[in-house]
Amino acid sequence: MDRKVMESMLNKLRSTVSSAANSAVSNAVQIASQVSNYLPGNPVTREFEATQHIASAGPGLVWKIYKGYKKSTKQDAAIFLFEKRQLDKWDKQEREAMLDKLRKGVSQLTRLRHPQVLTVQHPLEESRETLAFATEPVFASLANVLGQTENMPVPTPPVFKDYKLYDVEIKYGLVQVSEGLAFLHNSVKTVHRNICPENIVLNHQGAWKLFGFDFCVANQATADQPPFWPFEEYDSRRHPNCQPHLDYLAPEYALTHTLDTAADLFPLGVLTYALFNEGRPIFHNNQDFSTFKRNCCEYKNPNSLKLQSVPDGIRDQVRLLLHATPQLRPDALQLSKVPYFDDVGVKTLSYLDQMFQWDNMQKSQFYKSLPQIIPQLPHRVCVLRIVPSLVKECINSTMVPFVLPVILLVAERATKEEFVEHILPHLKPIMKLTEPVQVMLQLMQKMELLLGKTPAEDVRSDALPLLYRALECDTQQIQELCLSVIPTCAHLVENHAMKNALLPRIKKLCLGTGYLSVRVNCLVCVGKILEHLDRWLVMDDIFPFLEQIPSREAPVVMAIVGIFKVALNHKKLGISKEILATRVLPFLFPLSIENSLTPTQHSAVMVLIKDMTERVESEHRTKLEQLNSIKDEQKALQMAMPTKINGNDNAPVSAVDASCDMFAGLGMNQFTGGGTASNKPQMPSPAPNQVSASTSKPSSLTLSLEEKQKMVKEQGLQNTLSKQPPLLPSPPPPANAVNKPITSPQSQNPPSSLTNPVQHSRDLTSSLLNSNLNMMGNQPAVPVSVNGHQGMMGTTAPMGMMNNMNNTPSAFSGMTGNGTLMNSVGSNMTSSMTSMGTTGNMFQPMGGMNSWPNQVPAQNTPMQKPNMSAFDNLLPSQQKPVSMNQMAVMNANTRNSFGSMMSPMQPMNSMAFSKPATPGVKQLSSSEINDFLS
């Protein structure tokens, strides 16, 4: 049973695996077909992407060199491409011979591995149209550098214009070629046969590499025999590109018809001469073998050669290299040991190439001496040769502190483009290192340089994380350097990173550090980056943080003051008066009394406090003025609206006037906008036409639709009431004038001193008083002498309380105001007014808050003269109201009726309270008073 189960499970597993394999194969076939469709041409293009045509190389410069990269690893590379169409005009036999030579050269190059031989990354691939292979990144061939532009991009890249090889580059380049030939002759036992500028390639770092093994000849002897290389004659009938370059060909081809390793050293001498002669060889054979034979005779006497352009240090060696006898030529190793090549730059470059053979102690000693050598080397050599060699050492983290200062020194001399292309890619991995701590310290010391030449995107992705790690480091020097650098890159920090990453780390460091210098630098850093913060972030995050700082040393206080000063005066930020009054000033005042401050520092703190106080005062005063102006406009609008109907002067007092009158007795009128009772102006009651005009006058405030509708309704009601006749009560006729008609107040002719404006509406109280006064008088008025006394409400009687009239006879007799004879209120007064003078406590006190300080307690003044100012409110409103206390003289009817009863009213002074009442005056009973008031 178990066996069957096992078999069934195995069958299921087998079927599952087979189906998965079939689907995988089908998918692979489908993808392969898609790739072949999308990437036609040479198979090299399937793995490498060519981006730019940069140079040419090979015999006759037939190879086009493209800059590119490997698709899978993104590793830089160079793609060599030969287009077969260049051979379309060739004979078929020569075309095939040329293709065979090219295939042989690339195949031989692929098998060789040496630092001075060009490294192949992908072998030769052939299609119908092209031959292609991939190598290490390449700058150009030496022929391109010397000015040969065949198969170069059009137009020629700007880098080749005025391109000049430095002496150290020529020296070390010749050393590299010599080392490459020594490897080829001694180790591989091969003769190159075509050493020329076309077959020497400069890689992207400037190193010289051997290329073009199309015509090389390998050793044909056995291991126990001396090496032997068969000689191949030059065939002038074939195309020049199918044979070695005649201008660099050894004279053995014309003289002895032998071949050995010395055949590669003669062209090396010609190459040396060309390098110092603007790229021109000794003889130009113009691809003619006959001319070459004639010129070979000149080499038999090398002293006749003109080598003035060659430096003295190597001129003799060049003569030997150009000798017609092969045995007299120095070999490759001997040439590399010439004292001419004992140059500081050459040794430095040579040491860098051999660095992998040294131990860490030897490397560290060499790297320490490099900063003194760097200024002596050409900048291009430093960027292209030294920096890449140093970067290789960064794999060993213990050597990074020795290598990094040299890299940063080269970065200082580099342009921004050179830095981004050649240095920054190598620095990015170093920026991520946390150990050893010297690496971060060195980066912080040169951070301003890095930030100045690093693009903004790379700053955000690589430099800012480095700064964050530096803030979290425990080393004081690194923290201070980081804080000094942050303001220079704050504009590159995004808002969310500033709020969530940078500021929290600075705050944590400031609050948690035990070093005063670090805390002060934190505050200075915050002050410098304030301009890059939002206003709300400063109010909600920075200000509360300042209040949490535990120490109050003078540098800390001054740093805090600086932050507040920047926030106060910066046009983008600013501090509102509410924040100043409630948070900032209460925090700054305790700081101003710290004993650690110097007088100058204390003055600086107080100046800031005064500036803030003045700003709060000015801003709030402006706000209050605006609010008061709005209130005044609202009050003017209320006054312009018709609120009084039928001449009623007893309109309700507004809340603003009530609040002003509330403080009148306390002496605060000038602060509340009010005045005293004596100088407070009285607004005359407007006439109906004036009211309508005032209501129709537009207000300075904008009225809403509902307010306009309300005003229209009130105007209509006012017009309706103004057309109605005044309502006058029917008083009982007096005994002496029962059938006498009642005269209207308008029929009376008041004296010219009391000219009232015409009024169309009056209140009932005023009408009742006028009617009673008209019915009371029958006799003509006779003036009565006043005996030099002023009226009751003269200028010396400021009291606002009505006095008791019980003991004051003839109260209305001869009333004067300030010595001026006043007119009577009515034309005739009846005898019923006689009882008014003798009625006790008829009028109650009417004074307001302004009269409180002048009042005398009731228990101390039982006998007070009556204050007749209360009658002012009973009279019709006038343009210039005249109180009854100011009336000096009664008219004729009043004198006849009350002359014997009334005496001049006395001023309200201390003598008035002790004056006894005049006997013989009849007091009114309650019924008479009620009849009078009815």
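This is a predicted model: local features need pLDDT of at least 70, side-chain atom pairs count only at pLDDT 80 or more; totals for chains, interfaces and linings use all residues.
**A sheet, its helix and some salt bridges**

Let me begin with leucine 627, which lies in helix α24, residues 599-640, where a helix is a DSSP run of H or I of at least four residues, a strand is a run of E of at least two, and both are numbered from the N terminus. Residues are numbered from 1 along each chain as its sequence is written, and side-chain values use heavy atoms, with hydrogens and water left out.

Leucine 627 counts as partly exposed because its relative accessibility is 39%; buried means under 20% relative accessible area, exposed means over 50%, and partly exposed is what lies in between, with a 1.4 Å probe and protein chains only. Together, Leu624, Leu627 and Ile630 make a nonpolar surface patch of about 230 Å². Patches are made of residues with over 30% relative accessible area and no salt bridge, like charges being joined within 9 Å and nonpolar side chains (Val, Leu, Ile, Met, Phe, Trp, Tyr) within 5 Å, and the accessible areas come from the Shrake-Rupley method with a 1.4 Å probe, where for residues only the protein chains shown count as cover.

Next, the sheet. Three strands form an open sheet in the order β6-β8-β9, with antiparallel pairing, two strands being paired if DSSP finds at least two bridges between them. Its edge strands, each pairing on one side only, are β6 (138-141) and β9 (208-210), and neighbouring strands are turned by 35° against each other on average, direction ignored. Between β6 and β8, which covers residues 200-203, the antiparallel pairing runs over three bridges, and serine 141 has valine 201 in β8 as its bridge partner. Helix α5, residues 167-188, packs on this sheet, touching β8 and β9, and its direction makes about 25° with that of β9; contact here means heavy atoms within 4.5 Å, and the axes are lines fitted to C-alpha atoms, for helices over the stretch in contact, with angles running from 0 to 180 degrees between N-to-C directions.

Staying with helix α5, serine 178 is placed there, and this residue counts as buried because its relative accessibility is 1%. Leaving aside neighbours within four places in sequence, serine 178 is in contact with Leu268, Ala332, Leu335 and Ser336. Its C-alpha atom is separated by 9.9 Å from that of aspartate 264, 86 residues apart along the chain.

How many salt bridges does a search of the whole structure find? The search finds 23, a salt bridge being a side-chain nitrogen of Lys or Arg within 4 Å of a carboxyl oxygen of Asp or Glu. One of them joins lysine 171 and aspartate 343 at 3.6 Å, N to O, and this pair links distant parts of the chain, with lysine 171 in helix α5 and aspartate 343 in the loop between α9 (332-336) and α10 (344-353), 172 residues apart. Lysine 171 counts as buried because its relative accessibility is 13%, whereas aspartate 343, at 26%, is partly exposed.

A further pair is aspartate 235 and arginine 237, whose closest N and O atoms are 3.1 Å apart; here aspartate 235 is partly exposed at 21% relative accessibility, and arginine 237 is exposed at 71%. Finally, salt bridges that share partners join Lys84, Asp100, Arg103 and Glu126 into one network.
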